[in-house]
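Welcome, and thanks for taking a look at this one. Here is a short briefing to read alongside the coordinates.

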Amino acid sequence: MLGGIFSFHSSWKNNKDNYDKKPLQLQCTRDFQFAQAMLFAIEEINNSTDLLPGITLGYKMYDTCGSIARSVSVALALLNGNENEASHLKACTRPAQVQVIMGETSSSPTAAIATAIGPLHIPIISHFATCACLSDKTKYPSFLRTIPSDYYQSRALAQLVKYFGWTWIGAVRTNDDYGNNGMSTFIAIAQQLGICVEYSISFFRTDPSEKIRNIIEIIKTSTSKVIVTFLSNMDWDVLLHEFSINNLTGYQWVGTEGWISDSQIAAMDKNHILDGAIGLSIPKAHVGGLREFMLNVKPLNSSNSVLFREFWEALFSCKFNLSNSGEIHKECTGDEDLTGVENSFTDMSLMPIFNNVYKGVYAVAHALHKILNCNKTCGMYVQLDPLKILQHLQRIHFKTKEGDHVYFNANGDPPAKYEIINWQPREKGIVEFVSVGIYDASLPEEKQLDVRNMSVIWAKNSLQVPVSLCNEKCPHGTRKVLQKGKPICCYHCVRCPEGEMSNNTDSITCFKCFPEFWSNEGRDTCIKKEELFLSYEEIMGTLLTTTSLFGTCITAVIATIFFRHRKSPLVRANNSELSFLLLLSLALCFLCSLTFIGQPSQWSCMLRHTAFGIAFVLCISCVLGKTIVVLMAFKATMPGRNVKKWFGPTQQRVSVLGFTFIQIVICILWLTISPPFPIKNFKEFKDKIVLECDLGSTIGFWSVLGYIGLLAMLCFIFAFLARKLPDNFNEAKLITFSMLIFCSVWITFIPAYVSSPGKFSVAVEIFAILASSFGLLICIFIPKCYIILLKPEKNTKKNIMGKGLQKSF
């Protein structure tokens with residue numbers, strides 16, 4: 001004997017007809033359909049020769065009228081076999097205690113029933129009680145169900161909301177076990193996924209109208225546009241009417257299996273409040289023969305059931321025994337044809353739930369089949385123990401005729417699998433429930449949610465995928481900074497600092513670019529830093545190159561003039577050999593400045609400083625030699641002085657080579673121990689790379705410069721001492737002035753070089769080389785060229801030697 005507990009009526013009705021629409025049909029029609037599904041399964045099993053042969057299943061069904069207290073009452077009545085406590089669809093031949101109870105439809109009544117009968121180990125199998133709390137075997141040891149737990153549905157809803165990028169949502173729930181437990185699990189998972197709940201409102205269908213108005217006000221004043229609901233169909237009956245009056249449109253509703261595929265709610269939504277709703281539903285199912293069985297309910301009329309008569313009158317808007325009532329109605333004949341009408345009863349959209357009822361009845365049959373050791377016949381004298389039935393039900397595993405696998409896990413739950421349903425409005429106010437994906441909890445977490453038919457979601461009636469965020473997403477180039485005192489979904493967008501970037505929307509941090517890269521203006525990517533070096537193409541490099549070549553050309557011209565007039569007294573009197581060597585060294589000084597221009601390389605870094613050091617030492621050595629010659633020439637004119645032999649041409653050459661050789665040795669040691677090398681300087685500028693030459697050994701560098709400075713000081717001192725010698729045959733004044741320029745340039749070079757950034761330090765060094773070279777060239781050679789070219793009358797031996805001797809003596 002199976003017990004059935006359903007809500008065929010609702011005790012909370014307070015509808016008032018305003019005569020502007022058709023009266024509501026029989027409340028809880030779908031529970032009547034659930035009862036029919038149970039009867040169909042029982043009848044199919046009783047007619048089977050393979051399952052429970054020789055055994056007939058009976059049933060007793062009670063109406064709870066939507067009351068939790070009555071649910072417990074009728075459950076106890078079923079156990080006691082007291083048939084006078086409630087009406088039932090079909091009288092049994094003999095009273096008997098039921099072995100299993102099928103029902104209830106809602107979670108809270110089911111929890112109350114399971115609590116009451118749990119200590120008795122009477123199995124209770126629900127087809128639609130989804131509260132995760134019912135999986136607690138310590139509280140509900142005898143509870144089983146053929147619909148997945150809301151624990152999985154809550155996780156699926158959270159993943160679905162995350163999938164569409166909704167991080168700022170509202171929540172409305174039924175104020176019972178189903179709504180409170182389901183929403184609690186959803187919010188916990190949603191927060192882990194970075195979703196924030198702006199508000200969470202509880203509601204029950206018996207709440208006063210003020211509570212509903214408060215809910216509407218909260219929704220209207222909130223900023224979230226997506227509302228997740230854990231509501232039953234009976235709650236929507238109340239809420240939808242008020243939402244329509246207040247025109248609560250423009251929101252994205254996310255629903256549970258409790259209402260998302262309910263055609264009655266869709267038919268009630270005349271103002272399109274729920275258009276575009278999306279949610280989870282039990283996967284589509286088909287039970288062969290069930291629809292025909294439901295539509296063939298005429299034989300029930302013979303039972304004279306009060307419930308059947310009420311149901312029939314509501315379906316066809318007629319009355320039985322019209323002559324006795326005196327009412328103006330169409331009279332019911334009991335032969336009306338259900339197949340020709342469209343109403344809530346003929347709608348088979350709840351077939352997945354009917355299938356759950358069907359599987360529950362078959363689970364009991366298979367458990368009994370094993371307990372009774374049925375083969376061709378069953379053991380008729382086996383004592384049925386409720387605990388034994390419960391244990392067999394918990395271990396049952398079979399396949400229905402439609403191919404569905406039926407079994408229960410340790411918590412009494414079936415495998416969790418949901419279909420994702422989207423409400424697609426069609427013409428004439430019809431809503432189509434379109435399947436757009438699946439959720440399968442048995443798969444790995446990253447594969448559980450599969451939204452496939454994206455092309456049809458919100459595709460009709462210009463519906464757009466809504467956006468529900470506390471604030472706009474942070475674009476590329478910014479990062480999120482939380483607002484004080486607000487949820488994590490509310491934040492400011494702060495631009496990434498220089499040298500950092502973010503190329504993701506809603507990035508929580510900015511990433512530093514690699515040393516050779518820098519963030520662009522939009523801070524959304526890293527671009528290669530500009531490489532700075534003194535190039536030939538830029539204006540400064542071009543000017544310095546032109547000046548260097550100009551100085552080289554001037555030096556060549558002067559050398560040509562001196563060569564053509566090499567036998568003239570002026571050239572011969574000024575030590576022509578040292579003059580030509582000095583001109584060669586000046587040309588090398590001008591040319592060595594070119595090694596400082598262009599991108600540094602290993603060879604250019606070593607060449608530029610060594611070539612510059614050697615060329616300048618050669619130059620200063622020649623000037624020093626000319627200065628000494630002036631002094632020696634004057635001393636040689638004095639009686640008794642034979643100094644010419646101490647500083648003749650051979651000695652001059654040796655001194656120049658000796659001074660230069662010392663510099664060559666210093667450069668070789670420098671290049672051997674720690675030579676200059678090219679480096680990338682990241683410290684000078686934040687957004688640029690300075691390509692420069694590292695000195696390697698600073699001692700080597702300053703040794704080269706120091707040696708040049710030492711020779712220059714000696715040259716300056718000797719020239720200064722000879723400055724008052726006769727003008728016509730000495731260069732002392734010119735050399736003194738040129739060395740004064742040379743020393744001034746290189747003394748000012750040191751602080752300028754140290755303080756100049758990047759390529760400008762190279763430009764300062766080139767400028768120092770060119771300035772000192774031009775100083776020597778102009779001061780020493782231009783006056784002589786002036787006499788040679790423009791005052792040839794002065795370029796005579798008599799003019800040079802005569803006056804000089806006269807002044808000397």
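Predicted model: local features only at pLDDT ≥ 70, side-chain atom pairs only at ≥ 80, totals over all residues.

Across the whole structure, a search turns up 23 aromatic pairs and 3 cavities of 30 Å³ or more.

**Aromatic pairs**

- A pair of aromatic rings is described by the distance of the centres and the angle of the planes.
- Phe243 and Trp253 count as stacked, because their ring centres are 5.6 Å apart and their planes meet at 25°, under the 30 degrees that stacking requires.
- Phe243 belongs to helix α7 (residues 233-245) and Trp253 to strand β9 (residues 252-255), so this pair ties together parts that are 10 residues apart in sequence.
- Phe243 is buried, with a relative accessible area of 1%, and Trp253 is buried with a relative accessible area of 1%.
- Phe562 and Phe781 have ring centres 5.5 Å apart and planes at 75°, so the pair is edge-to-face.
- The pair of Phe562 in helix α14 and Phe781 in helix α21 links distant parts of the chain, 219 residues apart.
- Both Phe562 and Phe781 are buried.
- Which residues do ring pairs link into a cluster? The members are Trp236, Phe243, Trp253, Trp259, Trp423 and Phe433.

**The largest cavity**

- The largest cavity holds about 50 Å³ of space.
- Its lining is made up of 13 residues, and those closest to the centre are Phe533, Leu534, Pro600, Leu691 and Val762.
- Two elements, β26 (688-694) and α21 (759-790), each give two or more residues to this lining.
- Strand β26 gives the most, with 3 residues.
- By residue class, the lining of the largest cavity divides into 8 nonpolar, 2 polar and 3 charged.

- Is Thr555 buried or exposed? Thr555 is buried, because its relative accessible area of 2% falls under the 20% cut-off.
- Thr555 sits in helix α14 (residues 539-564).
- Leaving aside residues up to four places away in sequence, Thr555 touches Leu583, Leu586, Ala587, Phe590 and Leu777.
- Thr672 is found in helix α18 (residues 649-673).
- Thr672 is exposed, because its relative accessible area of 61% is over the 50% cut-off.
- A polar atom of the Thr672 side chain lies 2.6 Å from the backbone oxygen of Ile668.

Methods:
Residues numbered from 1 in each chain as written. Heavy atoms only, no water. 1 Å grid on protein atoms, 1.4 Å probe; cavity = no way out; pocket = protein on both sides within 12 Å on 5 of 7 lines; lining within 4 Å. Points joined across faces, edges and corners; volume = space filled by probe spheres on them. Helix = DSSP H or I, 4+ residues; strand = E, 2+ residues; numbered from the N terminus. Nonpolar A, V, L, I, M, F, W, Y, C, P; charged D, E, K, R; others polar. Buried < 20%, exposed > 50% of the residue type's maximum accessible area, 1.4 Å probe, protein only. Contact = heavy atoms within 4.5 Å. Polar contact = N/O pair within 3.5 Å; in protein donor to acceptor, adjacent residues only side chain to side chain. Phe/Tyr/Trp six-rings, centres within 6.5 Å; stacked < 30°, edge-to-face > 60°.
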